[in-house]
Amino acid sequence: MHALPTLRRRMRLLIALLLALALPVIGLTTTQTAAAATQKACDIYASGGTPCVAAYSTTRALFASYGGPLYQIKRASDGGTVNVGLRSAGGVVNSAPQVSFCAGTTCTITQLYDQTANANHMPISPGTSCAGCSGGLNGPGPNGADIGANAMALPVTIGGQPAYGVLVNDIGTGYRNNAARNVPTGAQPEGMYMMTSSQLTSGSCCFDFGSAETNDSDDGNATMNAIYYGSACWVGGCTGPGPWVGGDLENGMYFSDNGRNPTNIQSETGMFVSAWEKNNGTTNFTLKYGNGQSGGLTTSYAGALPNGYNPMKVQPSIELGTGGDNSTLGKGEFFEGAVTAGFPSDATESAVQADLVAAGYANNTTTFHRSTSVVSFRAHANGKYVDAPNNTTSLIADATTVGPAETFDMFTDTDGTIGLRAHSDNNWVTAESNGSAPLIANRGGPGPWETFYLLHNPDGSVTLRAYNNQHLVTAENAGASALIANRTAVGPWEEFDLITH
Ligand code: AHR
C-alpha cells in the first residue's frame, strides 16, 4: 500500500506535471533533471497517463512515495514468515533481515507485494488447487499448487546495496493473482515491463510476466497478454539462438505477428535485460528490449496482432513464471515489473528505461550450469553404503562395499539443488509421492520430487533435503528400513558421508 494518501499522491503528480510543462519555458535544466531523478518507474508511467495497476519488485520502490513491504519469505526450519522491506521510502531493499532470518535454513519467497493502491499481491500460483482451475496443469506444491522461489538463490546489487531477485526455475516456481483489481481486460489497451536477465532462460513454456486467465487454464487465443522471455520458437523458423522478448498471447509466444523474431536480432542478452510489451487490444502490439544497465530501448516488433488475436480477450489475472495454463517449465530471473492501464507512449517507456538504468543494477554473478560428479553415500546410522539396486527396490543403507548399485551421478545446479541418477538402472532418485513413500531410483528425468538440497553438516557429513516437501532424508530405523524424506531435524540417521569417486 502507499505510504501517502491518494490526495497527496495526486497533488504530487499534478505538481510534477506542472513542473514538466513549465520547465522548458523557464529553462531550469538543472532543476528539471533533479525533479525527474526523483520519479520512479510508476511515477513516470502515471505522468504519461498510463498508470501502473500492478507493480512488483524484490529490489526497490517503484514509486518515489512507496514505503511498504516488497515481498514475504518463509523459512523451512519453523515455517516462520517475514516481510522484506525498504531501507527508506522510495529507496532500495533492506535485505539484511532476510540474511539473518534465513541463516542455517532454506527460505522461499511466498508473496510479491503490489506497490499500487490496487493491492494486487501475488502469492504462489494455485495451479490446479483453486476452484475452477482443474483445466490447468499441476504444480508440484500442495494439491497441484506451484512452489516459491529460493529467496537466497539470486543475489545482486542495486545502487550498491545487496538485493535478491526471484529465480524462476523449471520445477514449478510461479506466482499469480487470479482476482486482480482495476487491470485492463478484454481488448482494453495495456502495457508492461520487467527487469530480467539472459543468464537463466529456457526454450520451454513459459517464463512470463503479465496478464493471464483467472482459472490457471488455457481459455483460448487472446486470453493472455504477458511478456515472454526465452528461446521457445513454437512456429519454427526463428533466426539465431535467442532468447527474445515476446508476447505470450495464449497458445503461442509471439515475437511478431507471424511468431518469428526479426532476422537481424538473433538474441537479446545481458546481465540485466529490460523487457517490454504493449498491446492496444485490436491493431497493435509492440515488443522492446534494453540493456538494464545502460542505454535505451530497441523495438523488435511493432505491428498487427497475429491472426485470431483481434480483439484481445484478456482476463483479470496477473502472473509471474508460469504459462497461462500453469505450465511450469519456464526458467528466468525477475527483479521488478509493472502492468499499466493504457498503451504507454514510447517517450514514457524510454523514461522508465532511464529510471531502470539509474537504479544501478549490478553484480548478477550467479551462473547456471549443471556440474556432474560420481558419488556414493555412507550412512552414519549404521556405517553402510546406500544401495539403489533397481527401479523397483527403494534406496536402503545395507551395503558393505561400493559397486554400481551404490554409485550415483550427482548433478549439481548452481541454485543449490542436486539430482541423483543411479548407476544400477540409469534412473533418477525420487522422493516418492512427494516424500510420503521411500526414495527409489525409477524416474526418467528430474522434476520437483527428484530434486534435493545438499546440506553440509559441521562434522563434514551431508544431509539431503527434498526440494518439494522440504523434509530431510533419513536412513529409517537406524538404516534397517529404506531412506525416506520425512524428518525436520538432523541427527545421526540423517547424516551421510559423501564419497566422491
Ligand atoms: O501461449 C503459450 C502457452 O500455451 C500458454 O502460456 C499456455 O497457457 C499454453 O500452454
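A polar contact here is a pair of N or O atoms within 3.5 Å; within protein, one must be able to donate a hydrogen and the other to accept it, and residues adjacent in sequence count only if both atoms are side-chain atoms. By that rule, the side chain of Asn 469 reaches the backbone nitrogen of His 471 at 2.8 Å. A polar atom of the Asn 469 side chain also lies 3.2 Å from the backbone oxygen of Asn 434.

Before going on, the model is predicted: local features need pLDDT of at least 70, side-chain atom pairs count only at pLDDT 80 or more, and totals for chains, interfaces and linings use all residues. Residues are numbered from 1 along each chain as its sequence is written, and side-chain values use heavy atoms, with hydrogens and water left out.

Back to Asn 469. Its relative accessible area is 17%, so it counts as buried (under 20%, 1.4 Å probe, protein chains only). Apart from neighbours within four places in sequence, Asn 469 is in contact (heavy atoms within 4.5 Å) with Asn 434, Gly 435 and Ala 485.

Now the domains. An automatic or database domain assignment divides the protein chain into domain 1 (41-362) and domain 2 (371-500). Their C-alpha centres lie 35 Å apart. How much area do domain 1 and domain 2 bury between them? About 860 Å², 51% of it on carbon and sulfur atoms; this is accessible area (1.4 Å probe) lost on putting the two parts together, summed over both. In domain 1, Thr 106, Pro 140 and Ile 171 lose the most area to domain 2, together 48% of what that side buries.

How values were computed: Buried < 20%, exposed > 50% of the residue type's maximum accessible area, 1.4 Å probe, protein only.
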